[in-house]
Amino acid sequence: MHEFPVLEVAGLHIDVSAFIAITVSAIITFVLARLAVRKLSVDNPSKLQNFMEWVVEFVHSTIASTMPMKRVRPFLALGMTLIMFIFVSNLLGLPFGIVTEHHHTSSFVTQEMLDKHHGEVELAWWKSPTADLNVTGGLALIVFILVHFLGLKMNRKHYIKHYFQPFWFFFPLNLIETIAKPVTLALRLYANIFAGEVLIATILMLGVVGTPFMIVWQGFSIFVGAIQAFLFTILTMVYISQAAIHDEEEHAH
């Protein structure tokens with residue numbers, strides 16, 4: 001089994017492979033978005049512009065399914081960023097892996113690792129960042145903070161009131177539900193992508209025999225990656241809508 005290179009900085013253990021993967025995912029997402037809007041044209045749009053317009057429409061309709069249409073626009077950029085970054089991150093570990101062998105201690109290899117693997121450690125430098133619980137936990141934490149910040153800023157009265165509904169003694173249950181939301185967001189994304197990468201590693205052990213399985217699984221992994229990016233984004237918008245959007249007309253009916 002591979003180990004991941006870990007760098008210790010001021011007492012913190014940083015997974016170098018996850019750090020590299022996050023950086024690459026962010027760069028790919030930014031470059032894709034930048035290229036799509038480089039030569040905007042109404043009469044003769046490029047294929048990339050057409051694709052990005054489709055993504056914008058898809059994300060817009062996704063957000064509109066969670067809140068009133070007139071409230072969608074401020075959250076469109078957030079939705080676009082989440083769905084693109086998570087989708088790219090989910091697929092990053094699919095095409096290839098980078099593995100190096102180490103026989104001595106270094107900045108990334110501890111004596112404990114060497115003892116565990118009988119003096120020969122294989123370090124995996126490449127993976128999907130979302131196959132790391134720290135990454136999905138970080139994303140879920142950002143969403144958690146954003147949801148409650150927007151709830152207090154845009155909808156303070158109803159946001160605080162919902163913790164005591166339908167009765168005041170439901171407060172502990174509502175609190176557990178609030179904490180469970182980011183936990184399930186993080187675990188769902190991590191479990192699906194990590195399981196996919198474990199299965200890829202298992203298929204690779206079969207050698208040439210595993211090639212047909214690998215082709216099928218790679219295709220299925222793209223589908224899983226897209227579904228997980230969509231789920232994370234739509235659930236984020238649902239949570240924002242529940243906390244921050246109080247539509248008087250809707251509540252009147």
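**Reading a helix pair and a nonpolar core**

User: In which hand does α5 cross α8?

Analyst: Keep in mind that this is a predicted model. Here α5 passes α8 in a right-handed crossing.

User: And at what angle do the two helices pack, and how far apart are their axes?

Analyst: Helix α5 (residues 133–154) and helix α8 (residues 211–244) pack at about 25 degrees, and their axes lie 8 Å apart. Angles under 35 degrees count as roughly parallel, so α5 is roughly parallel to α8.

User: Which residues make that contact?

Analyst: On the α5 side, look for Leu139, Ala140, Val143, Leu146, Val147, Leu150, Gly151 and Met154. On the α8 side you'll find Phe232, Thr236, Tyr239, Ile240, Ala243 and Ala244. Sorted by class, this contact has 12 nonpolar, two polar and no charged residues.

User: How should I think about the nonpolar core?

Analyst: The general idea is that nonpolar side chains tend to be buried together in soluble globular proteins. In this model, the largest nonpolar core has 36 residues. The members touching the most others are Val59, Ile63, Phe75, Ile86, Leu185, Phe232 and Ile240.

User: Which helices supply this core with at least two residues each?

Analyst: Those are α2 (47–64), α3 (76–91), α5, α7 (171–204) and α8. Helix α8 gives the most, with eight residues.

User: What does Leu185 touch?

Analyst: Leaving out residues up to four places away in sequence, Leu185 touches Ala140, Val143, Phe232, Leu235, Thr236 and Tyr239. There's also a second, separate core of six residues, with Val16, Leu114, Val121 and Leu123 among them.

Terms used
Residues numbered from 1 in each chain as written. Predicted model: local features only at pLDDT ≥ 70, side-chain atom pairs only at ≥ 80, totals over all residues. Heavy atoms only, no water. Axes fitted to C-alpha atoms, helices over the stretch in contact; angles between N-to-C directions. Helix = DSSP H or I, 4+ residues; strand = E, 2+ residues; numbered from the N terminus. Parallel < 35°, antiparallel > 145°, perpendicular 65-115°, else oblique. Left-handed = near helix turned anticlockwise from the far one by under 90°. Contact = heavy atoms within 4.5 Å. Nonpolar A, V, L, I, M, F, W, Y, C, P; charged D, E, K, R; others polar. Core = buried A, V, L, I, M, F, W, Y, C linked by side-chain atoms within 4.5 Å. Buried < 20%, exposed > 50% of the residue type's maximum accessible area, 1.4 Å probe, protein only.
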